[in-house]
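Please consult the sequence and the structure shown here alongside the text.

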Amino acid sequence: MRVLLIGANGYLGRFVADRLLADPAVQLTALGRGDDADVRFDLATGSPGALTRFLDAVHPGVVINCAGATRGGARELTRHNTVAVATICEALRRSGCGARLVQIGCGSEYGPSQPGSSTAEDAVPRPGGPYGVSKLAATELVLGSGLDAVVLRVFSPVGPGTPAGSPLGRLAEAMRRAMQSGDGELKLGGLGAQRDFIDVRDVARAVHAASLSAAQGVINIGSGRAVRLRDAAGILARVAGYGGALNELDGLPHPGPVHATHTAHATHLRATIGHPRAESDHHPTAVSPAAFPYPDGCGAWQQADVRTARDRLGWRPRINLEESLADIWMEAACRI
C-alpha cells in the first residue's frame with residue numbers, strides 16, 4: 001500500500017510515520033516543507049495543479065494529512081489549516097489516483113461542552129477560537145469534497161514529544177525548575193480545566209487503522225475520560241518524585257510565562273499552565289492575559305464519546321495517562 005504522509009515532521013506526524021514504517025505492507029512517502037521530506041511542497045502556497053501532478057506520479061492509495069498550525073493569528077491558521085486542506089482536496093479530485101484521505105481534525109472544533117457530558121460526532125460544532133474555526137472549516141471541506149475520506153477529531157494529545165509550550169509541557173518544565181532549584185512549593189495557575197488526554201502513540205494507531213478501513217465521516221479519537229489538569233499535575237509530581245507542595249492559584253490574576261519570585265525565606269515558582277509563552281515574552285515579569293483557562297477555546301470541560309472509533313475502526317486507547325506523563329517528564333528532566 002502506497003501512503004503519502006503530509007506533515008511527517010510534526011508532533012503527531014512523527015509518530016504516525018513510525019507506526020506506518022513498522023508495517024511492512026506500507027510504502028511511505030513524506031511530503032512537507034522541511035529539507036528532510038521526501039518531497040518538498042508548501043500546501044499553503046503551492047497550487048492544486050502541482051500537487052495533482054505529484055499524486056499522478058506517485059499514485060498513493062492513501063493520503064494522510066497531519067500538517068497544520070496550532071498557533072498564530074487567524075490569517076496564519078486559515079492558511080495552514082484551511083487553505084492547505086482545500087489544496088489537498090482539489091488535487092485529489094483532479095488526480096486519477098483515487099486515494100483515500102485521512103484528515104487529522106481536533107476536539108477544538110466542537111468548542112465548549114456541558115460539564116459531565118461526552119461529546120459525540122453528531123454534536124453541533126461551536127468552536128470558541130480561531131484555531132477551532134480553521135480546523136472545522138477544513139473538516140467541512142473534506143466532508144463536502146465527495147472523496148473517500150475520514151476525519152479523525154483528536155482531542156488532547158500527550159506523551160513523548162509533547163511541545164514544551166503546551167499546557168502539560170509547561171507544567172513539566174515548571175516542575176523541573178522547582179526541583180532543580182530545590183523549591184519546596186510550586187504555585188500553579190490555570191489547573192481547573194478538564195480535558196480528554198490521549199497518548200500520541202494511540203493516535204498513531206488510530207490513523208493507521210483509519211487508513212486501512214472503509215470508514216467515512218468524522219470519528220472522535222480520545223480516551224473517553226476527562227481529567228482535571230490539577231490531577232494531571234499530581235500524577236506528574238508522583239512520577240517525577242517531586243515531594244513539594246502544589247498550590248493552586250486559580251482565581252488570581254493569571255501571570256504570563258514561568259518565572260521565579262524571590263522572597264526572604266523561599267523561592268516560589270509561579271506558572272500559568274494554560275497559556276503558552278508569547279514570542280515577545282522576554283522579561284520574567286511579563287503578563288499575558290488570556291480568554292480561556294486552557295488555550296483551545298473549549299472552556300472548562302471536554303470529554304470525547306469514543307464509541308464510533310471502537311465500532312468502526314476496532315480501536316481503543318491502550319496507554320494510560322500516567323505512562324504518557326512519565327514520558328513527558330523524562331524529556332523535561334533531560335532538558336538543560
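Thr87 is buried, since its relative accessible area is 5% (buried means under 20%, exposed over 50% and partly exposed in between, with a 1.4 Å probe and protein chains only). The model is a predicted one, in which local features need pLDDT of at least 70 and side-chain atom pairs count only at pLDDT 80 or more, while totals for chains, interfaces and linings use all residues. Residues are numbered from 1 along each chain as its sequence is written, and side-chain values use heavy atoms, with hydrogens and water left out.

**Surroundings of Thr87**

- Thr87 lies in helix H3 (residues 74-94); helices (H or I, at least four residues) and strands (E, at least two) are DSSP runs numbered from the N terminus.
- Apart from neighbours within four places in sequence, Thr87 is in contact with Leu43, Gly46, Ser47, Pro48 and Leu51, where contact means heavy atoms within 4.5 Å.

**Helices H5 and H9**

- The axes of H5 (residues 167-181) and H9 (residues 321-333) come within 9 Å and cross at roughly 50°; axes are lines fitted to C-alpha atoms, for helices over the stretch in contact, and angles run from 0 to 180 degrees between N-to-C directions.
- H5 and H9 are therefore oblique to each other (under 35 degrees counts as roughly parallel, over 145 as roughly antiparallel, 65 to 115 as roughly perpendicular and the rest as oblique).
- On the H5 side, Leu168, Ala172, Met175, Arg176 and Met179 meet Leu325, Ile328, Trp329, Ala332 and Ala333 of H9.
- The residues of this contact comprise nine nonpolar, no polar and one charged; Ala, Val, Leu, Ile, Met, Phe, Trp, Tyr, Cys and Pro count as nonpolar, Asp, Glu, Lys and Arg as charged, and the others, Gly among them, as polar.

**The three-stranded sheet**

- Three strands in the order E7-E9-E11 form an open sheet with mixed pairing; two strands pair if DSSP finds at least two bridges between them.
- Strands E7 (156-158) and E11 (226-228) stand at the edges with a single partner strand each, so one side of each has no neighbour in the sheet.
- From one strand to the next, the twist averages 55°.
- E7 runs parallel to E9 (residues 194-199), joined by three bridges, and Ser156 stands opposite Phe197 in E9.
- H9 packs on this sheet, touching E7, E9 and E11, and its direction makes about 60° with that of E7.

**Strands E6 and E10**

- Four of the five residues of E10 (residues 217-221) are buried, so the strand is largely enclosed by the rest of the structure.
- E10 pairs with E6 (residues 149-154) in the parallel sense over five bridges, and Val150 stands opposite Gly217 in E10.
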